[in-house]
Amino acid sequence: MSASRLRRVAVLVLEGAKPLDVGIPAQVFTTRASMPYEVRLCGAAPGLVSGGDGLSYHVAHGLEALAWADLVFIPGYRFPDREDPPPAVVEALVAAHGRGTRLAAISTGAFALAATGLLDGRRATTHWHYTRALAAKHPLVRVDENVLFVDEGSVLTSAGAASGIDLCLHILRGDLGVAASNHAARRLVAAPYRSGGQAQYVPRSVPEPLGERFAATREWALHRLGEPLTLDLLASQAAVSPRTFSRRFVEETGYTPMQWVMRARIDMARELLERSERSVEQIATDVGLGTGANLRMHFQRILGTTPSEYRRTFTRGE
């Protein structure tokens, strides 16, 4: 996929829209030299839209923006279980999807997406507080309350507001590659990636500083991906036992420690494939996978493609 093509993003602001849910896609995909996106905020009609939490929004565009967009975000809004969005909004979303536009809901925006019928028979998620309400209101939707986001191709959903960042970075990674996604994550001071399958809400019986210590361990590991990294070494760096480290690491990231290390190595390989002319063998050494054959095997298993095809995809047309 060429990074040079301008992609058009509409953020659909409904009555009661949550400020953070609106701001996340607007900020992640904001127009800038390094980001080939144009963002438009829209509503059921141009003008003032009453939002949630004491804020309102002045949107310059109406539903015609959905016909213009390649990607439409539906931020969460207040009282989503009480009534559906206006029929004109539902019809515009269905029409946009029919033209090939991707629809991505953040938090309770999943209710508006479900009202279109486009989630029927598909997996979806929403804020954990509303998962039962979504399942009751739209019983044909396969609601999964234990994930951060769900990618069903042309329709995507995410949990509470912060997981909207994870969804946006996931989309960005697919559009422009891991280098662009990591750059955006650094700009947002966000985790470069979290597993979509990570649980939304995990009751914690240990102090939060342990989580901060594990974040430092992950950062430490990211700077040493070319070196041997074992469970014992990571646990030692975190100053806990391997058993405790493994259990808590899964709770925090959705991956076992060694699964996370492998995905971090593959992400580093993706960035090198995108931004350098190094051979597959050289990159395998750089990321700690030893041989090109080993890199190809794990690349195919995790991403469903080969390093060479991946490089062609993200350099074609540039």
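Buried means under 20% relative accessible area. The model used here is predicted.

**Exercise 1. Decide whether Ser181 is buried or exposed.**

Step 1: Locate the residue. Ser181 sits in helix H7, residues 178-188.
Step 2: Take its relative accessible area, which is 0%.
Step 3: Apply the cut-off of under 20%. Ser181 is therefore buried.
Step 4: Look at its side chain. A polar atom there lies 3.4 Å from the backbone oxygen of Leu169.

**Exercise 2. Work out the strand order of the open sheet and find its edges.**

Step 1: List the six strands in order: E2-E1-E5-E6-E10-E9. Their pairing is mixed.
Step 2: Find the strands that pair on one side only. These are E2 (37-42) and E9 (149-151), the edge strands.
Step 3: From one strand to the next it averages 15 degrees.

**Exercise 3. Describe how E9 pairs with E10, and which helix lies across both.**

Step 1: Determine the sense. E9 and E10 (residues 155-158) are antiparallel, with three bridges.
Step 2: Pick out one bridge. Phe149 has Ser158 in E10 as its partner.
Step 3: Name the helix. H6 (residues 161-176) lies across E9 and E10, and also across E1, E2, E5 and E6. H6 runs at about 145 degrees to E10.

**Exercise 4. Find where confidence is highest and where it is lowest.**

Step 1: Start with the chain. Its pLDDT averages 87, and 89% of the residues score at least 70.
Step 2: Compare the elements. E5 is highest at 98, while helix H8 (residues 208-222) is lowest at a mean of 71.
Step 3: Check residues 195-211. Their pLDDT is below 50. Where pLDDT is low, predicted coordinates should not be read in detail.

Conventions:
Residues numbered from 1 in each chain as written. Predicted model: local features only at pLDDT ≥ 70, side-chain atom pairs only at ≥ 80, totals over all residues. Heavy atoms only, no water. Pairing = 2+ DSSP bridges. Helix = DSSP H or I, 4+ residues; strand = E, 2+ residues; numbered from the N terminus. Axes fitted to C-alpha atoms, helices over the stretch in contact; angles between N-to-C directions. Contact = heavy atoms within 4.5 Å. pLDDT = per-residue confidence, 0-100. Buried < 20%, exposed > 50% of the residue type's maximum accessible area, 1.4 Å probe, protein only. Polar contact = N/O pair within 3.5 Å; in protein donor to acceptor, adjacent residues only side chain to side chain.
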